[in-house]
Amino acid sequence: MTGFLLRRAIGAAVTLLAISVIISVIIYVVFYAAPGNVAQISCGPRCSPAQVQQVADQLRLDDPLYLRYWHFLQGIFVGTDFSTGTALQHCDAPCLGFSYQTDQQVTRLILTKLPATASLALGAMVLWLILGVGTGVLSAWRRGRPTERILTGITLAGTATPVFVIGLLLMIVVCGQLQWLPFPQYVPFSDDPEQWAWNLLLPWLSLALIEAAKYARLTRASMLETLAEDHVRTFRAYGVGERSIIGRHALRGAVAPVIALNANDFGSMFGGAVLSETLFGIPGLGRELVHAVNVVDLPVVVGMVLVTGFFVVLANAVADVLYAVADRRVVLS
């Protein structure tokens, strides 16, 4: 197991580096090689011709595309310098560019928004795994009974309901009518851990209730497939209890698809939780990405998309290692 995990970890690190480079190539070419005045777009509509020329020189738009991309990679791995018009500002690696519209380094801007998104993603992930996997296991265990039909109807309704509808209903009922909680207002964990959790409870629930429906359906299908395999029938023939079969054997064999789906969902949360962050006023990456698109802040858009891709790749690399922990058959393959 140790040797397998080490090989997978090394392979995942190499894959992460390779795919990150590929993603950066695609993003850079799409945004910085597109038709139009890239310097004017990056600088903003209020920039003077002199400022636009300064941005063009900073982005090296007169150089061939491969040299411009090489300079972009240099900023990511070793850092670079940016001229703000009045001073020269050094951007440490990993440097994802400089926002001329906000006069901020993109990396620094992302780091200030990252804790809020990470808080939302981690809490919601824990809840949707508990609710989704638990509901899926119970539905498979009670197959053909009224319990399964009720749970199937609930999961179908959850899949069809948009996240902002669930969020609005929770705020109206929990915060407005019942007044169990105040209306959410993001509080950093470092300021007050208790208020941090209470103010994120509704955003966690709104995301978890939607996502849990997918995990319940996937877990149920995987459990039913695993329970029909030969080794499960052998356990039953030897008199092993149904609870032991489900908890110790069937669930471990059915968890691989759940790990794969969770890796994609969790990675996509870093940049994709736009509706939740906007609805609950969470100053995260998704909300910042929408703002950058609205004001055409090109360096911020490129940096955000690249960071989101990085987290998706990283989450899938971790999931690749978790397969072996959940199912020992992967080690032998």
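1. Let's start inside the protein. Val-133, Thr-219, Leu-251, Ala-254, Val-255 and Val-258 line the second largest cavity. Please keep in mind as you look around that this is a predicted model.

2. How much space lies in that second largest cavity? The figure is about 30 Å³. Its lining, sorted by class, has 5 nonpolar residues, 1 polar residue and no charged ones. Searching the whole structure turns up 2 cavities of 30 Å³ or more.

3. Thr-219, one of the lining residues, brings us to helix 8, which runs over residues 193–227. If this helix of 35 residues were straight, at 1.5 Å a residue, it would span 51 Å. Between the end C-alpha atoms, however, helix 8 spans only 42 Å.

4. Where does helix 8 bend? Have a look at Leu-200, where the bend is about 40°.

5. Now for charged pairs: the model has 3 salt bridges, counting a side-chain nitrogen of Lys or Arg within 4 Å of a carboxyl oxygen of Asp or Glu. One of them joins the side chains of Lys-113 and Glu-288, at 3.9 Å from N to O. Lys-113 belongs to helix 5 (residues 106–141) and Glu-288 to helix 13 (residues 285–294), so this pair ties together parts that are 175 residues apart in sequence.

Terms used. Residues are numbered from 1 along each chain as its sequence is written. This is a predicted model: local features need pLDDT of at least 70, side-chain atom pairs count only at pLDDT 80 or more; totals for chains, interfaces and linings use all residues. Side-chain values use heavy atoms; hydrogens and water are left out. Helices (H or I, at least four residues) and strands (E, at least two) are DSSP runs, numbered from the N terminus. The expected span of a helix is 1.5 Å times one less than its number of residues. The bend at a residue is the angle between axes fitted to the seven residues ending there and the seven starting there. On a 1 Å grid over the protein atoms alone, a cavity is a set of points where a 1.4 Å probe fits but cannot get out, and a pocket is an open set with protein on both sides within 12 Å along at least five of seven lines; lining residues have an atom within 4 Å of a point. Grid points are joined across faces, edges and corners, and a volume is the space filled by probe spheres set on the points. Ala, Val, Leu, Ile, Met, Phe, Trp, Tyr, Cys and Pro count as nonpolar, Asp, Glu, Lys and Arg as charged, and the others, Gly among them, as polar.
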